[in-house]
Amino acid sequence: MSFSLDQGELLVVAGPNGAGKTTLVRTLARLSRPSAGKVRLGGAEWLDAPAARQREVGLLSHATYLYDRLTALENLEFYARLYGLDGARARIYSALEKVGVRDLAGRRTGTLSRGQAQRVSIARAILHDPRLLLLDEPQAGLDPHAVRRLNGALAELRTAGRAILLTTHDLARVPESASRFLILVDGRVVDAGNRAEARNGLELRYERAVARSVEQ
Amino acid sequence: MSGPGPALAILVKDVRLELRRVESLATMAVFAGLVILIFAFVGDPTPAELARIGPGALWASILFAGVLGFERWFAEEERNAALHGLLLAPVDREVLFLGKWAGATVFLLALEAILVPVAATLYRLDLGGAWGAFSILLVVVTIGYAALGTFFAAVAARTTASQLLLPVLLFPLSVPLLLAGIEGGQALAAGAGGDYRDWLGLALAFDVLFGTICTMAFGTVIEE
């Protein structure tokens, strides 16, 4: 597959189970190494870049990457120290506020519901203000109110010039601020389109693309 | 390479997690205490024999209890895939290892702070003025053992048989350290300062060699 993502864009990557969405995200985050291919970030080679450049990427995955016995605040403070962030407390509360869980700062994350922990994890992913934000099915486990809040935060990040890649198989919940989409099947891009197409008729286009791919 | 800040952050986080799960250290202490106790009653030893086998019993208990600890301490990183959170950070893999290694060393030393007085009492270990030298040996051997344990816990965590694999990997390579701890302790009890220095030197060389190898290889074993 080959595609580009500019700053200020929100690219939705849709596909059925096993299409390669998570593999794509993990590869872009450098958690998995591809057997072949290249990735460039900010115009420079990315896969072999120094660890210090990892601060340019934020990732929300299926797992929360949180320690159950630490509070939400302690978890985020730990990550702030790993990233060497100044003004950590202010950043943490701002990130928690963006996803609507500031009041959960003092709760151990092991006691939170799946959706609450997911929102704290989103705060973790955006804490260091990455230029590329990778979201692997971020709406999973979120209630409609939390999804609206997330979409609002994504629109803000887009306006601030951040590049966002979001994977989903739930096309009904594609954010309004999506600028482009890709449809993946078996690790291949079988369809792609622009913002207007992402908003209108995406589900039909998705079904057709997947059906065509299966027939081939 | 990243500065010491991230390693310190990992150490502080690990200590905080451990303090909230005191049953882990307590389980290790009880288990190790029983090992020490059993050795003390085997064959109805005389006071002189007790003093001779004391260092061996102490190190055997630390070795066995350490396996329990290494597996649990690394399991914290596997829960919720928190290890991936560490790998995502702008921190060199070597620094991540240093943080985990430091945490394991602190936990083992805390365990030994409980076990050494127990062993000294049960085995009537009388080191006279050599307790300082014994403490140095204890720390040096512990640092090496913590390096191996942390490294192999990471290796074993990537398999489906981690509980089986960890001791199989860890114990054979720990033999030089175990010998240094036992023989060095016995040399101190016998007042043989020269032998003690030789065993301490061996443990130091082990720390440098395996500490370096484990630190450099950590990134490879945790990559997917």
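I began with the pairing criterion: two strands pair if DSSP finds at least two bridges between them. Helices (H or I, at least four residues) and strands (E, at least two) are taken as DSSP runs and numbered from the N terminus. The model is predicted, and for that reason I kept to its thresholds, with local features needing pLDDT of at least 70, side-chain atom pairs counting only at pLDDT 80 or more, and totals for chains, interfaces and linings using all residues. Residues are numbered from 1 along each chain as its sequence is written, while chains are lettered from A and ligands numbered from 1 in the order in which they are written.

**Entry 1, the sheet of chain A.** I looked up the strand order and found an open sheet of 6 strands, β4-β5-β6-β1-β7-β8 of chain A, in which the pairing is mixed. The edge strands, each pairing on one side only, are β4 (57-60) and β8 (188-193) of chain A. Neighbouring strands of this sheet are turned against each other by 15° on average, direction ignored; for such angles, axes are lines fitted to C-alpha atoms, for helices over the stretch in contact, and the values run from 0 to 180 degrees between N-to-C directions.

**Entry 2, strand β7(A) and its partners.** With β8(A), β7 (residues 180-185) of chain A pairs in the antiparallel sense over 5 bridges. I then checked burial, where a residue is buried if 20 or more other C-beta atoms lie within 10 Å of its own, exposed if 12 or fewer, and partly exposed in between, with C-beta atoms placed from the backbone. Of the 6 residues of β7(A), 5 are buried, so this strand is largely enclosed by the rest of the structure.

For packing I used the contact criterion, namely that the C-beta atoms of two residues, placed from the backbone, lie within 7 Å. Helix α1 (residues 21-28) of chain A lies across β1 (10-14), β4, β5, β6 (163-168) and β7 of chain A, and runs at about 150° to β5(A). Helix α4(A) also packs on the sheet, where it touches β4 and β5 of chain A, and its direction makes about 170° with that of β4(A).

Chain A comes to 7 helices and 8 strands. I took the radius of gyration over C-alpha atoms and the globule rule as 2.2 Å times the number of residues to the power 0.38. For chain A the radius is 17 Å, close to the 17 Å that the rule gives for 216 residues, so chain A is as compact as a globular protein of that length. Chain B has 8 helices and 0 strands; its radius of gyration is 18 Å, close to the 17 Å from the rule for 224 residues, so chain B is as compact as a globular protein of that length. Buried residues make up 44% of the 216 residues in chain A, and 47% of the 224 residues of chain B count as buried.

D129(A), a residue other than glycine, has a phi near 55° and lies in the loop between α4 (114-126) and β5 (132-136) of chain A. In chain B, R124(B) has a positive phi of about 50° and is found in the loop between α5 (93-122) and α6 (131-157).

How many residues of chain B are in contact with chain A? I found 24 residues of chain B in contact with 25 residues of chain A. On the chain B side, α1 (4-19) and α4 (82-88) each supply at least two residues, and α1(B) gives the most, with 6 residues.
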